Amino acid sequence: MTTADTELQPRRKGLTRRQKRRLSRGAQYVVFVAAVVAFAVGADWGRLQNQFAQWDIARQMFPDVITLALKNTVLYTLCGFVVGLALGMVIALMRLSSVGPYRWLAGVYIEIFRGLPALLIFIFIGVAVPLAFPGMEIVGGTYGKVALALGLVAAAYMAETIRAGIQAVPKGQLEAARSLGFSPARAMVSIVIPQAFRIILPPLTNELVQLFKDSSLVLVLGVTLEERELSKYGRDLASTTANSTPILVAGLCYLLVTIPLGFVVRRMEAKARKAVK
């Protein structure tokens, strides 16, 4: 074959981008299936079932795991969220204030409580406060202590979220309100903050999910049998029965709340993206 005939033949091309994507996707599926099969074949399902799936033990947990443990977990979370939201709003407005000391105090608070682990905050509320103020009782007992501890942690994150939401509202909204005779405070409360909350609702819901999980730290405060939340309730029964089934049931109860909340967050984020478009 001559050189001319060779040049006339079509040149072989490499894989197209679509083919490369399909090949990459196929390889990922293969790896995933291989990992699942390896886990299914290698795991000792008999031992796992014996340790985590004793249904007679699980049945004994009902209805207390719902009416007591889950109820307390929800109450602790809601109390902490309310305190955190109220305190976070104050901190956010201080952060945006034209008064220098307010901005400085808000910045110090946010940096400290975002940097400290939640466990240390619970220890501080349960141990340091009674030592510093002998005889002083926090209103609400255990619920008040948990609300304060969770609220102090959540407020640092919520303050930054609220500040970002307020700054995301167009300045023209505030200027229009002022031109209509609104005072700065009234314009902020009536015009800016409601619009900001529509923007920050998804991240605030995420914070609620995080508080729901952080409520497990209530055991540091030393609760009674009637004040136990899911994690404490599950651990106590696991120790009593020498079996980990109560831990699994407690985890499933957490998912009963966090999965629907996560779905709500995704729906709100989708609606927010559509509104922007």
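**Notebook: cores, pocket and loops**

I started at Tyr 109. Leaving aside neighbours within four places in sequence, I found Tyr 109 in contact with Leu 87, Ile 91, Gly 151, Leu 152, Ala 155 and Ala 156. I note here that I am working from a predicted model.

**Cores**

I then asked which residues have the most contacts inside the largest nonpolar core. They are Ile 91, Tyr 109, Phe 122 and Val 146, in a core of 42 residues. I looked up the elements behind this core. Two or more residues come from each of α5 (64-95), α6 (100-115), α7 (118-132), α8 and α10. The largest share is that of α8, with twelve residues.

**Largest pocket**

Next I looked for open space. The largest pocket holds about 210 Å³. Which residues line the largest pocket? I listed Leu 96, Ile 166, Gln 167, Val 169, Pro 170, Lys 171, Leu 174, Met 188 and Val 192. By type, I count seven nonpolar residues, one polar and one charged in this lining. Three helices each supply at least two of the lining residues: α8 (141-168), α9 (171-179) and α10 (184-214).

**Ser 97**

I moved to the loop between α5 and α6, where Ser 97 sits. Is Ser 97 buried or exposed? Its relative accessible area is 16%, so I class Ser 97 as buried, the cut-off being under 20%. I checked what its side chain meets. A polar atom of the Ser 97 side chain lies 3.0 Å from the backbone nitrogen of Val 99. Leaving aside neighbours within four places in sequence, I found Ser 97 in contact with Tyr 102 and Arg 103.

**Backbone checks**

I went through the backbone next. Phe 62 and Pro 63 are joined by a cis peptide bond, with omega about 5°. Pro 63 belongs to the loop between α4 (55-60) and α5.

I also stopped at Ala 242. Its phi is near 55°, a positive value in a residue other than glycine. Where does Ala 242 lie? I placed it in the loop between α11 (230-241) and α12 (245-276). Ala 242 has 64% relative accessibility, so I class it as exposed, the cut-off being over 50%.

How values were computed. Residues are numbered from 1 along each chain as its sequence is written. This is a predicted model: local features need pLDDT of at least 70, side-chain atom pairs count only at pLDDT 80 or more; totals for chains, interfaces and linings use all residues. Side-chain values use heavy atoms; hydrogens and water are left out. On a 1 Å grid over the protein atoms alone, a cavity is a set of points where a 1.4 Å probe fits but cannot get out, and a pocket is an open set with protein on both sides within 12 Å along at least five of seven lines; lining residues have an atom within 4 Å of a point. Grid points are joined across faces, edges and corners, and a volume is the space filled by probe spheres set on the points. Helices (H or I, at least four residues) and strands (E, at least two) are DSSP runs, numbered from the N terminus. Ala, Val, Leu, Ile, Met, Phe, Trp, Tyr, Cys and Pro count as nonpolar, Asp, Glu, Lys and Arg as charged, and the others, Gly among them, as polar. A nonpolar core is a set of buried Ala, Val, Leu, Ile, Met, Phe, Trp, Tyr and Cys residues joined through side-chain atoms within 4.5 Å. Buried means under 20% relative accessible area, exposed over 50%, partly exposed in between (1.4 Å probe, protein chains only). Contact means heavy atoms within 4.5 Å. A polar contact is a pair of N or O atoms within 3.5 Å; within protein, one must be able to donate a hydrogen and the other to accept it, and residues adjacent in sequence count only if both atoms are side-chain atoms.
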